[in-house]
Amino acid sequence: MRYAKILGTGSYLPTNRVSNDELAKRVDTSDEWITTRTGIKFRHIADEQEKTSDLAVAAARKALEAADVKPEEIDLIVLATATPDMQFPSTATIVQNKLGISGCPAFDVAAVCAGFMYALNTAHAYIKSGMAQKVLVIGAEVFSRILDWNDRTTCVLFGDGAGAVVLGASEEPGIIAGKLQADGNYLPLLQVPAQMADGQVCGTPFVKMDGPGVFKFAVKTLAKVAEDVLTEAGMPADQVDWIVPHQANKRIIEATAKHLGLGMDKVILTVDEHANTSAASIPLALDAGIRDGRIKRGQNLLLEGIGGGFAWGAVLVRY
């Protein structure tokens with residue numbers, strides 16, 4: 001049996017850290033309004049010169065160092081992002097070049113906030129099939145560039161960042177089970193309805209979201225996909241040591257944990273520090289939990305996330 005085992009993790013947040021109070025000077029909102037509804041206190045905003053690939057490379061270098069893996073040992077790069085550097089080539093190939101890697105396949109995955117779940121499951125399939133030995137999986141976003149900073153219903157929720165994981169083929173359990181799903185019927189709930197045509201942006205290039213609709217769908221769907229993965233693995237919820245969820249909204253995270261019968265003391269929560277970083281949020285939380293010592297080798301981790309599309313997924317990991 002071949003497993004995809006986590007060898008190392010890394011993360012990066014831009015240095016520009018913006019508090020709710022600072023944001024309240026720009027848009028009609030307050031720290032109390034944002035905190036009570038979302039749990040968010042800060043978000044990090046990339047500098048004008050920083051691209052998604054730059055954030056991704058910074059996180060990837062830390063993950064490679066933690067895994068004690070050299071860049072040239074990587075034989076696949078899967079990068080999840082909704083904010084690529086350019087239309088093409090893929091941001092994964094740009095990261096590949098910046099890391100000094102050549103020859104291995106590299107591609108992007110577009111599933112917004114569920115992107116890291118899609119990327120991780122894809123990497124797992126490559127390793128399990130024998131098509132790859134060491135895979136670099138990255139979630140990276142500069143979401144600040146697709147926000148309408150006059151729309152308080154969206155601009156207060158998101159931030160920029162990147163997280164990365166190095167996976168390696170192992171006979172020891174790593175990724176135990178994973179499940180991905182999507183349903184395009186829910187597209188109107190969360191989207192950026194824009195496209196390039198004839199050298200111009202057609203449509204609205206900013207995030208449009210039905211907040212209450214997203215909340216209801218996310219709570220129901222995340223609980224179900226988490227249960228499905230546990231059932232597939234034959235593992236009761238009380239054997240999960242840590243939930244590492246998509247960091248979008250504290251209330252959604254609390255509702256998912258409650259549905260599984262787990263307390264918040266079993267949840268890695270970082271949304272207060274960096275807001276919703278879309279595809280980067282799960283690896284950011286994972287890296288935080290590992291580096292501060294809460295997550296230990298041999299523990300069972302339940303990762304889960306949902307994003308525009310809607311697309312969603314969960315992964316059960318023995319760390």
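In which helix does E254 lie?

1. E254 lies in helix α8, where helices (H or I, at least four residues) and strands (E, at least two) are DSSP runs numbered from the N terminus. With a relative accessible area of 32%, E254 is partly exposed; on this scale buried means under 20% relative accessible area, exposed over 50%, and partly exposed in between, using a 1.4 Å probe and protein chains only. E254 and V267 are 13 residues apart along the chain, and their C-alpha atoms are separated by 8.7 Å.

2. On the basis of the model: this is a predicted model in which local features need pLDDT of at least 70 and side-chain atom pairs count only at pLDDT 80 or more, while totals for chains, interfaces and linings use all residues. Residues are numbered from 1 along each chain as its sequence is written, and side-chain values use heavy atoms, with hydrogens and water left out. The protein averages a pLDDT of 97, and 100% of the residues score at least 70, pLDDT being the predictor's confidence in each residue, from 0 to 100. Confidence is lowest in strand β10 (residues 194-197), at a mean of 89, and highest in strand β4 (residues 76-80), at 99.

3. On the annotated site: the unreviewed UniProt entry places the feature "active site" at C113, H246 and N276; UniProt positions are given in the numbering used here, feature names are shortened, and annotations may be inferred rather than shown by experiment. These residues are spread over 164 residues of sequence, yet they cluster in space, with a largest C-alpha distance of 8.5 Å. C113, H246 and N276 belong to the lining of the second largest pocket. A pocket here is an open set of points on a 1 Å grid over the protein atoms alone, where a 1.4 Å probe fits, with protein on both sides within 12 Å along at least five of seven lines, and lining residues have an atom within 4 Å of a point.

4. Leaving aside residues up to four places away in sequence, C113 touches H246, N276, S278, A279, I306 and G307, contact meaning heavy atoms within 4.5 Å. With that exclusion applied again, the contacts of H246 include C113, N276, S278 and E304.

5. On backbone geometry at S278 and elsewhere: S278 has a positive phi of about 55° although it is not a glycine; it is found in the loop between α9 (271-274) and α10 (281-291), and at 1% relative accessibility it counts as buried. D198, in the loop between β10 and β11 (200-203), likewise has a positive phi, near 55°, but at 81% relative accessibility D198 counts as exposed. Cis peptide bonds join F88 to P89, with omega near 10°, and G309 to F310, with omega about -10°. P89 is in the loop between β4 and α4 (91-98), and F310 is in the loop between β14 and β15.

6. On the sheet: four strands form an open sheet of mixed pairing in the order β8-β15-β14-β13, two strands being paired if DSSP finds at least two bridges between them. Because β8 (175-182) and β13 (242-245) stand at the edges with a single partner strand each, one side of each is left without a neighbour in the sheet. The twist averages 10° from one strand to the next, with axes taken as lines fitted to C-alpha atoms, for helices over the stretch in contact, and angles running from 0 to 180 degrees between N-to-C directions.

7. On pairing and packing: β8 and β15 (residues 311-318) pair in the antiparallel sense over seven bridges, and A182 stands opposite A311 in β15. Helix α5 (residues 115-129) packs on the sheet, touching β8, β14 (300-307) and β15, and its direction makes about 130° with that of β8. Helix α7 (residues 211-233) also packs on the sheet and touches β8, β14 and β15, its direction making about 40° with that of β15. Four bridges join β13 to β14, which run parallel. Both faces of β13 are covered, with W242 and V244 buried on one side and I243 and P245 buried on the other.
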